[in-house]
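Please have the sequence and the model open while reading.

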Amino acid sequence: MPNDLNQKIYVAGHRGMVGSGIVRALEANGYKNVIGRTHAELDLTNQAKVAAFFEQEKPDQVYLAAAKVGGIHANNTYPAEFIYDNLMVQNNVIHQAFVHGVKKLLFLGSSCIYPKLAPQPMSEDALLTGKLEPTNEPYAIAKIAGIKMCESYNRQYGVSHGVDYRSVMPTNLYGPGDNYHPENSHVIPALIRRFHEAKVSNAPEVVIWGTGTPKREFLYVDDMAAASIFVMELDKKTYDQHTEPMQSHINVGFGSDVTIAELAYAVGEAVGYQGKIRFDISKPDGSPRKWMDSSRLNRLGWSPNISLETGLVRAYQDFCK
Ligand SMILES: NC(=O)c1ccc[n+]([C@@H]2O[C@H](COP(=O)([O-])OP(=O)(O)OC[C@H]3O[C@@H](n4cnc5c(N)ncnc54)[C@H](OP(=O)(O)O)[C@@H]3O)[C@@H](O)[C@H]2O)c1
């Protein structure tokens, strides 16, 4: 059945990197009634305000891409805020969506839900099989609660109320709208800033911490947005065939990973930096590999379109705006 392009779709976090990508993709797909509220307009940790918003707007679908996110430093410094804000945002949005008759909701989690020592690539069934990485445990616990909340609402209200709430777990994302803060950004935006500054100041070398050998996976945000809409729009029978009621989340990865050294050279190329890259091996490496098993999503018929090289060029154009 064709999708009704007049449905009212609420994207929570529509100004964020992923939320704005989802809005772009929905509008490109022809959806005419996509709504959002900024953090200043609606604090999603406030239950009464979230309830009033749903009462007023009565959306048909919800993409939940609002969250308090940050790197290791922020997670270590503000663990209370990471667990409280994220639990409150998702509890309020998921529950008020249910109370106001929303049948379809997509919750965005993160690859940090998986145990620190999960076998690589990390598949959906690694969830809750071991201890989490301590630095982002509060954030990860909130994300795991979000998955379990969607599943619990499906189990209790799926038949009686037609509730169909799904979850996707993205790998590391990058692209337009990323956070380029000098101390508090993820690896790609941090490298883009450093290579750009080195280019502008004609610095002879850029020093990268560690050996450059750890491997990481990266997905361009527009691919993530496309995957989110793909999962949301899968017909229920197909979705149910590929998931289980208590293990329903779907990984969204690129499918392959690169070493930090390969990434650094690719960022240098995208930025147009002519100097040298040096690896400071006296500095620590993180975990050797973090790679998601995206075969469940691939079997459902989705795979990414945007190569790392293309994505980095686009991300750098956005950084320069
Ligand atoms: N970026 C990645 O690499 C990555 C990887 C895996 C998963 N994810 C997931 O993808 C989702 C979106 O991430 P993102 O990278 O797009 O983050 P982002 O750019 O920081 O966007 C998050 C948005 O949520 C809003 N928000 C946060 N707390 C709020 C609150 N209490 N009330 C209302 N709005 C609030 C933020 O507004 P303010 O900025 O004004 O607070 C921001 O617009 C998150 O669930 C994240 O866990 C991201």
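Which atom of Val-18 lies 2.7 Å from an oxygen atom of the ligand? A backbone N or O atom of Val-18 does.

## Basis of the model

This is a predicted model, in which local features need pLDDT of at least 70 and side-chain atom pairs count only at pLDDT 80 or more, while totals for chains, interfaces and linings use all residues. Residues are numbered from 1 along each chain as its sequence is written, and side-chain values use heavy atoms, leaving out hydrogens and water.

## Around the ligand

A polar side-chain atom of His-39 is 2.8 Å from a ligand oxygen atom, and a polar backbone atom of Leu-173 is 2.9 Å from a ligand oxygen atom.

Taken alone, the ligand exposes 880 Å² (Shrake-Rupley method, 1.4 Å probe), and the protein buries 81% of that.

## Where H6 meets H11

The axes (lines fitted to C-alpha atoms over the stretch in contact, with angles from 0 to 180 degrees between N-to-C directions) of helix H6 (residues 187–200) and helix H11 (residues 308–320) come within 11 Å and cross at roughly 65°.

Residues in contact (heavy atoms within 4.5 Å) include Ile-192 and His-196 of H6 and Leu-312 and Phe-319 of H11. Eight residues of this contact are nonpolar, one is polar and two are charged.

Definitions and conventions. Helix = DSSP H or I, 4+ residues; strand = E, 2+ residues; numbered from the N terminus. Nonpolar A, V, L, I, M, F, W, Y, C, P; charged D, E, K, R; others polar. Polar contact = N/O pair within 3.5 Å; in protein donor to acceptor, adjacent residues only side chain to side chain.
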